2 protein chains.
Amino acid sequence: MASIKTIAKLAQTSVASVSRVLNNSGYVSADLRAKVQAAIAQTNYQPSSDARVLRGGKSNLVGILLPSIDVQFFGILAHAMEQALFDLGYQSFICSTAESAAHEARYVAMFLSRRVGGVIAASAEAGAAHFAPLRAHGIPIVAVDRDLHGYASDAIVIDHDLGGRMMAQHLIDLGHRTIAVIGAPQHSQSIQRRLAGVRAALAQSGLQPVSEQVGTTHDFAQSYDLASRALANRPTALIGLTDIAAIGTIHAAHDLGLRIPQDLSIIGFDDIPSAAFVLPRLTTVAQPIRHLGRSAAHRLHRLIAGDPQTQTEALPALTLIQRDTTAPPKPA
Amino acid sequence: MASIKTIAKLAQTSVASVSRVLNNSGYVSADLRAKVQAAIAQTNYQPSSDARVLRGGKSNLVGILLPSIDVQFFGILAHAMEQALFDLGYQSFICSTAESAAHEARYVAMFLSRRVGGVIAASAEAGAAHFAPLRAHGIPIVAVDRDLHGYASDAIVIDHDLGGRMMAQHLIDLGHRTIAVIGAPQHSQSIQRRLAGVRAALAQSGLQPVSEQVGTTHDFAQSYDLASRALANRPTALIGLTDIAAIGTIHAAHDLGLRIPQDLSIIGFDDIPSAAFVLPRLTTVAQPIRHLGRSAAHRLHRLIAGDPQTQTEALPALTLIQRDTTAPPKPA
DNA sequence: TTCCCCTATGGTATCGATTACATATTGGTA
DNA sequence: TACCAATATGTAATCGATACCATAGGGGAA
């Protein structure tokens, strides 16, 4: 691969002058500049980031840790972050930890050796010890969709507790009293908090879930199973802690011959694209996924730039989106 | 950040010895090795990849170009590729081109300056000129889900034409004769080929689509619109060139009061997770998405390693998955 | 005893880019 | 005419890690 020397030779000048052309610094005559640019164009030369970083430049690299991007929520989140970061001049390592601590540790080691400027962690892993080395090196960490218990410089998190409350309250307001909850994955902080919110809102009305099924794997199939179990308790309404869980429930209910929403109301959380495109259309609490991603990117950028202004701009509010899966319970 | 010199000083030795410990090369006494390792542990030291690459090592970086990972299909594909590559010792830049040529060119320049060892391109962009510089530098390129017209060293592509045929044939076999087709995005090679396959199969039975709606944006909402238009022609069956298109169609049909599959049969393509979890469950032609990703990763690895063995192992066959959205047309 | 090889360790050039510094050529002004 | 500032270009140190080469002690073979 061509180096700055190659270009210098081609343009019959020194590496210093080539560097000046590359960076638009110092004095370069129009003549020389033209020759250098010609050489660059001719060889498709691109200066090595490695050399630049080594010399003391910023790496413009950031690490993004999340459980896996084949899940809609994280796919959208990752996409939003990557785009925002790219526009800010960064390149991202999007890493799927598969919720394995060993995996996560390997990625962190990689971040260190690649000298990333910062890290965004949206992983669902509960433990955060792997982040200690990053912290020790003063590498800023922004947590998204979860806290990091002291390791993160900042956290972009919606109020999951409130989210849980909103779901429960909507059902309560419709008149439901026999309510079940399902969701996954168990170890996800967000899930736990939403669940806590659900319980709190129910308790406030003197209720508690007639069934609570929290699974380890977060996909349609497991959600279907969880829902089947929960429906055995004959709730009039079911809360899915994620849209995936809620959609799994739609199927379980359908297979049991229950009509939605006449026999069973269902509410989800997230508002992933599929939520509006299942039948019946899913009522859900929408969280601003892309906004979350962009916020995290900008926050990290500010931290990397050393901007002291740490004030958190507010995230858009959670909103209840009423579609076709919730209704008052049918009179007994 | 600590460097090899820091470690050498801490362990009271030379950088050469530290390097020997790091790489398990040459001679190092047990004593010294222990001291060095202690210093490394103490500082959380990780050798700089930049320096290693600069010195002449491999970068172990690969670029992955795709339209966007917030689309299920590409999210899953990207996930499979990233995991496989990570296991092979590579780190991936997953880049969403948003199907913009300018974007793509910027990413390619970045790949060059980062000295990636190879590139996997799954972008839907039709033009491939941006890849010329990569090619010029001898950087291997593997195309996934599309050809790259001479720029790629290899292409991992299923037989989209066959896929199109399978969809059409299934409907023909059921007795349908009035068949519409919708899909997006228009400029995607895969879409074009599937469409060609559909037309070919129909033609073989003396038929042609009663409506053909190909849109630019690939999401549920636009698919809904395309379907609404296509259904105006009163087909008894509709082919969605992707599952997204098919699912959009389910909704459009539903809103028109059509029963599925009694009044309208629908078939999709891809078998994304949502396909099995819509109501009614979508009949579709499944392509081995994750397998595609893993294959591409391994192929690229072999190319980077300079393995001459270029034989392509076969991909799993496309399979028709019959669920609940297709049935014989009702007698007229 | 001498020589050589194995073990152990350190010094230093090198990769590609940036940049401080040195050098050289102008032109304008006192 | 002498001098300084602005312009233009080159030389070399530097970043972190690797690897080649040099140095040196110790043990076995001749």
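Predicted model: local features only at pLDDT ≥ 70, side-chain atom pairs only at ≥ 80, totals over all residues.
Local features require pLDDT of at least 70 and side-chain atom pairs count only at pLDDT 80 or more, whereas totals for chains, interfaces and linings use all residues; side-chain values use heavy atoms, with hydrogens and water left out. Residues are numbered from 1 along each chain as its sequence is written, while chains are lettered from A and ligands numbered from 1 in the order in which they are written.

**View 1. Salt bridge between A:Lys330 and A:Asp263.** The N to O distance of this pair is 2.6 Å, a salt bridge being a side-chain nitrogen of Lys or Arg within 4 Å of a carboxyl oxygen of Asp or Glu. A:Lys330 belongs to the segment after β11 (319-321) of chain A, and A:Asp263 to the loop between α11 (243-255) and β9 (265-270) of chain A, so the pair links distant parts of the chain, 67 residues apart. Helices (H or I, at least four residues) and strands (E, at least two) are DSSP runs, numbered from the N terminus. A:Asp263 is buried, at 16% relative accessibility (buried: under 20% relative accessible area; exposed: over 50%; partly exposed: in between; 1.4 Å probe, protein chains only).

**View 2. Salt bridge between B:Asp263 and B:Lys330.** The closest N and O atoms are 2.5 Å apart. B:Asp263 lies in the loop between α11 (243-255) and β9 (265-270) of chain B and B:Lys330 in the segment after β11 (319-321) of chain B, so parts 67 residues apart in sequence are tied together. B:Asp263 is buried, with 17% relative accessibility.

**View 3. Salt bridge between A:Arg290 and B:Asp70.** The N to O distance is 3.0 Å. Because A:Arg290 lies in helix α13 (residues 289-305) of chain A and B:Asp70 in the loop between β1 (61-66) and α5 (72-87) of chain B, the pair joins two chains. A:Arg290 is partly exposed, at 35% relative accessible area, and B:Asp70 is buried at 16%.

**View 4. Salt-bridge network of A:Asp255, B:Arg281 and B:Asp324.** These residues are linked in a network of salt bridges. Over all chains, the count of salt bridges is 20.

**View 5. Packing of α5(A) against α13(A).** The axes of α5 (residues 72-87) of chain A and α13(A) come within 8 Å and cross at roughly 40 degrees; axes are lines fitted to C-alpha atoms, for helices over the stretch in contact, and angles run from 0 to 180 degrees between N-to-C directions. Residues in the contact (heavy atoms within 4.5 Å) include A:Phe73 and A:Leu77 of α5(A) and A:Arg290 and A:Leu292 of α13(A).
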